[in-house]
Amino acid sequence: MWSTRTLRCCRHGYTVAGRSVLPMMVCRRQYRFPEPQNVPMLHGFRPLQYLAIILNTQKPFARLQLNYVHANHLFDKSSHRELYTLNCLLTSYLRKGDPQATWALFRHIHCTDTGVDVHTVMPILGACSVLPDSRHGKQVHGLMVRWGTDTHVVPKTALIRMYSKHGLMEESVRLFDEVESKDVVTWNTLISGFVCHGMPKRALGVFEEMGKEGVQFSEVTLCYVLKACTLLKALRQGMQVHALVVLMGRDLVALGTTLIEFYSNIGLIDEALKIYGGLSSKQDDIMCNAFIAGCLKNQRYEEAYLVMCSRVPNVVSLTSALSSSSENANLRIGKQIHCVATRLGFEKDTQFCNVLLDMYAKCGRISTARIVFDRMPHRDVISWTSMINGYGSHGFGVEAVELFAIMEEEGSGVVSPNEVTLLAVLSACSHSGLVEQGRLCFGSIRAKYGLTPCPQHYACYIDILGRASHIEQVWSAYDHMVNNGCKPTDVVWAALLNACVLNNDATGGEFAAKHLLALDSDKPGINVLLSNFYAAVGKWEVVDQLRRKMKNKGLCKDMGSSWVSVSDSKPNVVPC
């Protein structure tokens, strides 16, 4: 009876009803999945119709812990592998969080010359966005061009998202320009890509173009634009977006958390308090966590404690609060949060422990950070990276290298270093003058771990060689970078210029300074470095030009300072 009802619903187009019948059967223990050879052929339905139902009802089955064992078995044993079912299986693998299985099935589909459609490429593009190597996505893109499935706006948007996930923003822009009828999702995808990869100015430029095209903004659009304003500390633009939210009658609940984060990061915590208070009846945990973190970041401890006391803090709120204490290097508040977490039993949470050891390291308690690290039951790559970075920032380069060696030994096959880990090791070697260790680490990036060195890696390595007076090797590293197709950034040119200054290489310094000047960077430190170099070589007209630029743009290099905690205040002591 149940099988007939399920198939009848699907046959007459009532797929939602059909999907709802099968979980009821399993929940009432009135149905067990048959073997493939025993599945009946009713009204022309093939066995894989059952598989399609199984895959499209994954949430009820997840609770019953049925997973995909039977679905995979049914797929492997069936001779009729319909495209609809293959697409369902691809989607199910992706939703399950298994991009490798999604890729393997797609390769099988491609090798067996099974026809594909747009519903086939969508899940595989989602898997390529998660896979670490961008080559998979590029291969799929090439196949889509050959198959003609890349012309519609939906797969084009998926391609833009995939390239953005891998940081290939120029390719994303090229694809974006090819889309004829861009919808709001396409615009949002490009804006979010720029924000996520630290290019907020370009994100705001796309938003401006979006307005000129007359595309209706969504809450997602405004959310990412506010994040771009937060990164730029752009108060005026952020307030304009806030006004736009009010004038357009957008859902303030959906944007409330982002607005609170924006005003908190700008330093206008009172504005964040107004938004939080105005949504008192619609506050959720995410909004409360953002407000608590903002209060702690702006040293408004009373308001933060009132919110925390009004509800039982969860591990996310404590992690967020601890992260804000870490930014302010506030050891006293960090210890109190640590005590609360211990009392609530959150000390075994890996993410919380990562932030906790980072807080102790930034507050100068490197030995306490190591105790937290050693007591962690499960360490991920962030745990190792945070501890290595803590050692390096305090001048314990030898300890950082030794810990990295332990990571390689203990984490073999479990936890592998990523680009950030290797950058932390190089930074530690640079701070401690460990030239040979730095050279070995840089060589292992590609040879041992199969990763591609980024400009930050080259900048760190150049800084190591420059401080050790190996100016010839500095330029060899630069040539190696160019020959491998890695474009130098302002950080690389600054490292080259600093190496030339340290080694009295006026010719090389002039070369690096010209390229750095052409980038027109707004970073105060880079402008000061350029000004000092041109002053040393006697080009005072360039020095005057740089100083006028800094004055007109309000660029000021941060002074070195020390923090001394006195009761509840923290006066800033600037050394003379």
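Reply: Start with helix H17, where Lys274 and Gly278 are the exposed residues on the face turned away from the buried side. Keep in mind that this is a predicted model.

Me: Which residues of H17 are buried?

Reply: H17 covers residues 269–278, and its buried residues are Ile269, Ala272, Ile275 and Tyr276.

Me: What covers the buried residues of H17?

Reply: The cover includes helix H15 (235–247), helix H16 (252–266), helix H18 (285–297) and helix H19 (301–309).

Me: Asp270 is also in H17. Why is Asp270 called partly exposed?

Reply: The relative accessibility of Asp270 is 45%. Buried needs a value under 20% and exposed a value over 50%. Asp270, at 45%, is therefore partly exposed.

Me: Why does Val121 count as buried?

Reply: Its relative accessibility is 0%. Val121 belongs to helix H8, residues 118–130. With residues up to four places away in sequence not counted, Val121 touches Met144, Trp147 and Thr149. From Val121 to Asn87 is 8.7 Å, C-alpha to C-alpha, although 34 residues separate them in sequence.

Me: Where is Asn504, and what makes it exposed?

Reply: Asn504 is in the loop between helix H30 (490–502) and helix H31 (506–518). Its relative accessibility is 72%. Exposed means over 50%, so Asn504 counts as exposed. Asn504 also has a positive phi, about 55°, although it is not a glycine.

Me: Why is Lys233 called partly exposed?

Reply: Lys233 has 48% relative accessibility. Exposed would need over 50%, and buried would need under 20%. Lys233 therefore counts as partly exposed. The loop between helix H14 (219–232) and H15 holds Lys233. Its phi is positive, near 55°, and Lys233 is a residue other than glycine.

Me: At what angle do the axes of H24 and H26 cross?

Reply: The axes of H24 (residues 381–393) and H26 (residues 419–432) cross at roughly 10° and come within 8 Å. Angles under 35 degrees count as roughly parallel, so H24 is roughly parallel to H26. The crossing of H24 past H26 is left-handed. By class, this contact has 6 nonpolar, 6 polar and no charged residues.

Me: Which residues of H24 and H26 meet?

Reply: On the H24 side they include Val381, Thr385 and Ile388, and on the H26 side they include Val420, Thr421 and Ala424.

Me: What makes H26 roughly antiparallel to H27?

Reply: H26 packs against H27 (residues 435–447) at an angle of about 160°, with the axes 9 Å apart. Over 145 degrees counts as roughly antiparallel, so H26 is roughly antiparallel to H27. H26 passes H27 in a left-handed crossing. The contact of H26 with H27 has 7 nonpolar, 3 polar and no charged residues.

Me: Which residues of H26 meet H27?

Reply: Leu422, Val425, Leu426 and Cys429 in H26 do, and among the residues they meet in H27 are Cys441, Phe442 and Ile445.

Me: How many helices and strands does the protein chain have, and what share of its residues is buried?

Reply: The secondary structure comprises 33 helices and 2 strands. Of the 576 residues in the protein chain, 45% are buried.

Notes. Residues numbered from 1 in each chain as written. Predicted model: local features only at pLDDT ≥ 70, side-chain atom pairs only at ≥ 80, totals over all residues. Heavy atoms only, no water. Axes fitted to C-alpha atoms, helices over the stretch in contact; angles between N-to-C directions. Helix = DSSP H or I, 4+ residues; strand = E, 2+ residues; numbered from the N terminus. Parallel < 35°, antiparallel > 145°, perpendicular 65-115°, else oblique. Left-handed = near helix turned anticlockwise from the far one by under 90°. Contact = heavy atoms within 4.5 Å. Nonpolar A, V, L, I, M, F, W, Y, C, P; charged D, E, K, R; others polar. Buried < 20%, exposed > 50% of the residue type's maximum accessible area, 1.4 Å probe, protein only.
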